[in-house]
Amino acid sequence: MATFGCPAEDAWEILVEVSQNSNVKLRVVADVVTAAVTGPEPMPPDLQNHLQTAVERWRSREHEPGAGG
């Protein structure tokens with residue numbers, strides 16, 4: 001949420017999307033993202049790509065007419 005400036009509900013949706021598109025359990029995605037943000041371990045490139053795609057999709061929705069953000 002802090003990294004991408006999105007509300008908690010949107011952050012949850014982003015994590016769910018990453019989980020579904022990467023075929024990795026949601027709790028594992030959340031653990032990996034948290035570890036990458038708070039520690040020295042980088043995020044695996046495949047999950048990083050899925051996260052980037054999900055965030056870009058979220059940002060594009062924010063600029064759609066009638067969007068709440």
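E17 lies in helix α1, where a helix is a DSSP run of H or I at least four residues long, numbered from the N terminus. E17 is buried, with a relative accessible area of 14%; buried means under 20% relative accessible area, exposed means over 50%, and partly exposed covers the values in between, with a 1.4 Å probe and protein chains only. Setting aside neighbours within four places in sequence, E17 is in contact with A54, R57 and R61, and contact here means heavy atoms within 4.5 Å.

The model is a predicted one, in which local features need pLDDT of at least 70 and side-chain atom pairs count only at pLDDT 80 or more, while totals for chains, interfaces and linings use all residues. Residues are numbered from 1 along each chain as its sequence is written, and side-chain values use heavy atoms, with hydrogens and water left out.

Now consider the whole chain. The protein has 3 helices and 0 strands; a strand would be a DSSP run of E with at least two residues. Along the sequence the pattern reads α-α-α. Of the 69 residues in the protein, 25% are buried. The protein exposes about 4,800 Å², and carbon and sulfur atoms supply 54% of that area; accessible areas come from the Shrake-Rupley method with a 1.4 Å probe. Among contacts with a separation of 6 or more, 48% are between residues 24 or more positions apart.

How do the helices α1 and α2 cross, and at roughly what angle? The axes of α1 (residues 8-22) and α2 (residues 26-38) come within 9 Å and cross at roughly 115 degrees. Each axis is a line fitted to C-alpha atoms over the stretch in contact, and the angle runs from 0 to 180 degrees between N-to-C directions. The crossing is right-handed, a term for the near helix being turned clockwise from the far one by less than a right angle, with anticlockwise giving left-handed. On the α1 side, W12, L15, V16, V18, S19 and S22 meet L26, V29, A30 and V33 of α2. These residues divide into 8 nonpolar, 2 polar and no charged. In this count Ala, Val, Leu, Ile, Met, Phe, Trp, Tyr, Cys and Pro are nonpolar, Asp, Glu, Lys and Arg are charged, and the others, Gly among them, are polar.

Between α1 and α2 runs a loop that holds N23. N23 counts as exposed, at 73% relative accessibility. Its phi is near 60 degrees, a positive value in a residue other than glycine.

V33 touches L15, M43 and L51, not counting residues up to four places away in sequence.

Two further residues belong to α3. D46 lies in this helix and is partly exposed, with a relative accessible area of 44%. The C-alpha atoms of D46 and S22 are separated by 7.7 Å, although the two are 24 residues apart along the chain. Q48 is also in α3, and Q48 is partly exposed, with a relative accessible area of 44%.
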